[in-house]
Each structure stands twice: as C-alpha cells, then as structure tokens.
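Subject: Structure handover

Hello,

Here is the structure I said I would pass on. Please look through it first, then read the notes below.

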Amino acid sequence: MNFKNTLLFAQKLDRQDKLNAFQSNFIFPKKRGEKCIYMAGHSLGLQPKNTKKYVDEVLDSWGELAVDGHFKGDNPWSTYHEKFKEPLAKIVGAKPEEVTVMNTLSVNLHLLLASFYRPTVKRFKILCEEKAFPSDQYILESQVKWHGLDPKDVIEVIPYNEEGFEIRTETILNKIEELGDSLALVFMGGVHYYLGQVMDIEKITKAGQAVGAKVGWDLAHAAGNISLELNSWNVDFAAWCSYKYMNSGPGSISGVYVSERYHQDASMIRLAGWWGNKKETRFLMKPYFEPETSADGWQLSNIPILSMVPYYASLLMFDKVGMESLIRKRDKITAYLDFVVEEVNKVTPVEMRVITPKYPKRACQISIFFSEDGRAIFEYLEENGVIADWREPNVIRMAPVPFYTSYEDIYRIGTLLKEAVDKIAVRHEVW
Ligand SMILES: *Cc1c(COP(=O)(O)O)cnc(C)c1O
C-alpha cells in the first residue's frame with residue numbers, strides 16, 4: 001500500500017478502519033485535559049470501560065454471599081477459571097483443557113520449569129535468546145542453581161546477528177543441532193520484548209524436540225498480539241501475562257498452556273497445591289495429591305477472582321472482535337508507523353532507525369533506535385501526550401495496539417518526532 005504522511009491520508013485510513021470506533025470502549029490517560037496517544041500497550045494495556053462492572057459484580061457477590069460465593073450465585077468462584085478455557089484456547093490455538101489461568105507470569109514459569117526442566121548428567125543445557133526479558137533470565141539462572149548446577153555451564157544464549165538487530169532462526173536451529181542430546185530445554189520469548197521480533201515458534205519447537213529437548217515459550221508479548229497455534233505446533237508448555245496486549249490490569253493473572261501429552265503422564269514431576277487436585281476429590285482433603293488431568297493440574301491455590309475478572313471481561317472483547325481483524329489492522333497500522341518514522345528520518349539530522357525486523361517477523365511493535373538525543377525526544381513526546389516506552393541506551397518502543405490506536409495518532413507522532421528534533425537542535429545551538 002502507498003502511504004502518505006499527511007493528516008488527510010491518516011484520517012481517510014481511520015474512516016476505512018472497522019475497529020476505529022472500538023477506542024471508545026477504553027479509558028485513556030489525559031494530559032492537560034486531552035486524551036493521550038497510548039503507545040505502551042506492550043507494557044500495560046488500557047482499561048476497558050466494562051472492567052469495572054465485572055469487578056463490582058464480584059465485590060457485590062462477596063458482600064452478599066460471603067463464603068457461599070464459592071459455590072453459589074451467577075458465577076461461582078470455585079469454577080470461575082473454567083469460563084476462560086474456550087475463549088483463551090481460541091487465542092493461543094490450544095484445546096480448552098490445555099489452558100488455564102493462575103498466579104502471575106514469573107511464578108508460572110518457575111512452576112512449569114519445575115516440571116519441564118529436569119536436568120540429567122548428560123542432558124542439562126538450556127537454550128535462550130540474547131536480551132531476553134530480565135525476569136526470564138533470572139528465572140533460568142536461579143532454576144539452574146536450584147538444581148545445583150552452574151549457569152555458565154548450562155545456559156547457551158543465541159546472540160543478535162552481526163548487524164545487531166535480529167535473532168536468526170537459522171542460528172538457533174544450528175545451535176540446537178550442535179547441542180544435540182545435551183540440550184534439555186529451549187526456552188524463549190515468542191515475541192522479543194526489546195526488538196519486537198516474532199520468533200518462528202513452530203520451527204524452533206520442532207527442531208528442539210527433534211533432539212529430545214522440551215520446548216517452552218514465554219508469550220508475554222505474543223498473547224493477544226500474534227496468531228498462535230500452540231497445539232498444532234506441538235509446543236510443550238507456555239505462559240503469558242494478561243496485562244499487556246490483553247488489557248487485564250496491572251499485575252493481573254497469567255495464562256498457562258500445557259500440552260495434552262502431559263495431562264495423564266504419571267511421571268510428570270510438579271510442585272503441587274490443592275487447587276491442582278481433581279475437582280471430585282479436592283474437598284475430601286485426602287493426604288495425597290491426585291492431579292486434575294488437564295492444565296488445571298498445575299494450579300496451586302484457590303483462584304484470585306478479583307484479578308481474574310478483568311481478564312474475563314477483556315476476553316469477551318477479544319472474542320467479539322476476533323484475532324483476525326485485530327491482526328489485519330495491526331499489520332497495517334504498524335507498517336504506517338514504520339513509514340511515518342522513515343519519512344521523518346529522511347528530513348531530520350538525527351538518525352531514527354527502526355530496529356524491529358520487517359513483516360512477517362514483526363507484530364504490534366516498532367522499536368526505534370536514535371543516533372542521538374533519544375531521551376530528550378522521548379521526553380518531548382511525553383510532554384506532548386504520547387505515552388511510549390524508553391529503553392537504555394537509545395531506544396523507544398511503540399505499540400500501535402489495534403484496539404485503541406488510530407492512524408491519526410500515528411500521523412501526530414510523526415509530527416511530534418520532527419518537532420522534537422527541531423527544538424532540540426535549537427537547544428544545541430544555544431548551548
Ligand atoms: C512482562 C514480561 C514478564 C513479566 O512477568 P511478571 O511475572 O508478570 O511480572 C516476564 N517475561 C516477559 C517476556 C515479559 O515481557
């Protein structure tokens with residue numbers, strides 16, 4: 001498509017955009033009374049307007065029913081998580097029994113690794129990517145130490161390619177081959193949080209399993225953003241948070257996928273709690289653990305309903321709109337953002353380089369590297385109502401979330417980027 005960096009063109013795209021009206025379902029932060037342009041949905045999605053109603057309902061049933069709310073009322077808490085299975089399975093491409101919701105993301109990754117990282121003398125290596133999200137790095141490092149091993153001997157990191165800004169599938173596949181039967185686990189982010197790169201989950205999973213390793217994915221930046229087929233890709237396990245692209249509120253509950261291949265597998269080791277026990281015998285309070293034969297078998301605690309309700313409200317919205325139409329707009333609006341940044345780049349002395357790989361290796365994120373003044377440009381955007389994300393040393397990450405970003409927003413960002421460079425250049429001269 002031939003884009004133009006003009007207000008009229010952006011407004012025309014907005015008129016053609018079927019999701020444009022959807023913005024009004026969200027609450028936007030304001031700056032000097034004006035709605036902000038929100039580019040930080042990769043960190044914390046906006047609050048849908050209907051969330052409050054669902055939370056209020058739970059508060060009401062807690063007030064009215066107290067302990068009886070577990071089993072009575074319109075939405076009994078003891079089985080609340082079961083409502084998630086159908087809509088969530090659709091989003092991650094799994095069978096309903098393969099998904100569950102529990103805890104928060106880092107906690108779940110530890111719980112899953114307790115089951116899926118079982119190092120032996122021969123097979124103990126872990127493969128991950130460079131600059132994985134810090135929590136993931138700490139998780140792997142501490143898991144390795146917890147098994148009495150030295151992370152230096154165990155963790156293999158796939159670096160960015162020579163040009164610096166892509167993690168090549170080919171490099172990963174070669175490394176998997178090389179590690180062979182010493183490889184216990186491949187564990188990576190489905191979408192790289194810093195680069196915005198979409199990983200080839202299917203290919204990497206296949207290659208890891210071909211040498212006998214388990215393959216798991218952190219889908220924090222993938223769930224609700226990219227098309228996923230966890231079941232047909234044969235992924236072993238995965239987890240994601242619900243508060244980024246899935247708009248479920250700060251620190252909200254995490255989703256988990258465990259392949260059906262493990263549900264009945266009696267040899268699976270896990271860290272158990274009573275909520276993972278079979279529903280039928282859970283309240284018999286028996287002294288031994290009998291896991292539920294689904295992903296629910298990995299649950300521990302009774303369900304934090306207040307944190308689940310916003311997720312459910314959000315899933316209803318995803319279900320209504322469908323991933324396909326979100327993805328269609330995502331690709332177009334991300335391409336438009338890339339185009340606008342490039343147009344501004346042509347006319348400014350500061351180099352603005354989009355370091356996110358091109359489609360189809362990108363989704364709803366553009367990371368822009370600034371040759372200089374990145375921080376000052378970021379602050380100028382912020383001062384003018386654009387909320388984005390700053391990463392040292394010189395990168396701004398922007399996510400034009402299809403649910404609530406307009407093409408006009410993107411045009412405005414371009415204008416502000418240009419203005420920022422002009423203003424900062426003047427400041428340099430004064431100095
Ligand atoms: C956001 C994010 C997390 C955060 O984990 P929490 O336990 O929810 O705080 C972990 N991993 C990745 C890849 C993330 O993007």
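I begin with K244, where UniProt places the feature "modified residue: N6-(pyridoxal phosphate)lysine", from an unreviewed entry. UniProt positions are given here in the numbering used for this structure, feature names are shortened, and annotations may be inferred rather than shown by experiment.

Two notes on the basis of the values. This is a predicted model, in which local features need pLDDT of at least 70 and side-chain atom pairs count only at pLDDT 80 or more, while totals for chains, interfaces and linings use all residues. Residues are numbered from 1 along each chain as its sequence is written, and side-chain values use heavy atoms, with hydrogens and water left out.

K244 sits in the loop between strand 11 (237-241) and strand 12 (254-258). Helices (H or I, at least four residues) and strands (E, at least two) are DSSP runs, numbered from the N terminus. K244 counts as buried because its relative accessibility is 6%; buried means under 20% relative accessible area, exposed over 50%, and partly exposed in between (1.4 Å probe, protein chains only). Leaving aside neighbours within four places in sequence, K244 is in contact (heavy atoms within 4.5 Å) with G41, H42, S43, L44, G45, F133, A220 and H221.

S242 lies in that loop between strand 11 and strand 12 too. S242 is counted as buried because its relative accessibility is 0%. The side chains of S242 and S252 are joined by a polar contact of 3.5 Å. A polar contact is a pair of N or O atoms within 3.5 Å; within protein, one must be able to donate a hydrogen and the other to accept it, and residues adjacent in sequence count only if both atoms are side-chain atoms. Not counting residues up to four places away in sequence, S242 touches N247, S248, S252, I253 and Y311.

The ligand

Which residues surround the ligand? They are L105, S106, F133, D136, D218, A220, H221, Y243 and K244, and a residue is near a molecule if one of its heavy atoms lies within 4 Å of it. This shell divides into four nonpolar, two polar and three charged residues. In that count, Ala, Val, Leu, Ile, Met, Phe, Trp, Tyr, Cys and Pro are nonpolar, Asp, Glu, Lys and Arg are charged, and the others, Gly among them, are polar.

An N or O atom in the side chain of K244 is 2.5 Å from an oxygen atom of the ligand. A polar side-chain atom of S106 lies 2.7 Å from a ligand oxygen atom, and one of D218 lies 2.8 Å from a ligand nitrogen atom. Taken alone, the ligand exposes 390 Å², of which the protein buries 84%. Accessible areas come from the Shrake-Rupley method with a 1.4 Å probe; for residues, only the protein chains shown count as cover.

The listed binding site

For "binding site", again from an unreviewed entry, UniProt lists L105, S106, F133, P134, S135, D136, D218, H221, Y243, W274 and N302. These residues are spread over 198 residues of sequence and also in space, up to 30.8 Å between C-alpha atoms.

F133 is in the loop between strand 7 (125-129) and helix 5 (134-146). F133 counts as partly exposed because its relative accessibility is 32%. Not counting residues up to four places away in sequence, F133 touches Y193 and K244. P134 is in helix 5 and is partly exposed, with a relative accessible area of 31%.

Regards
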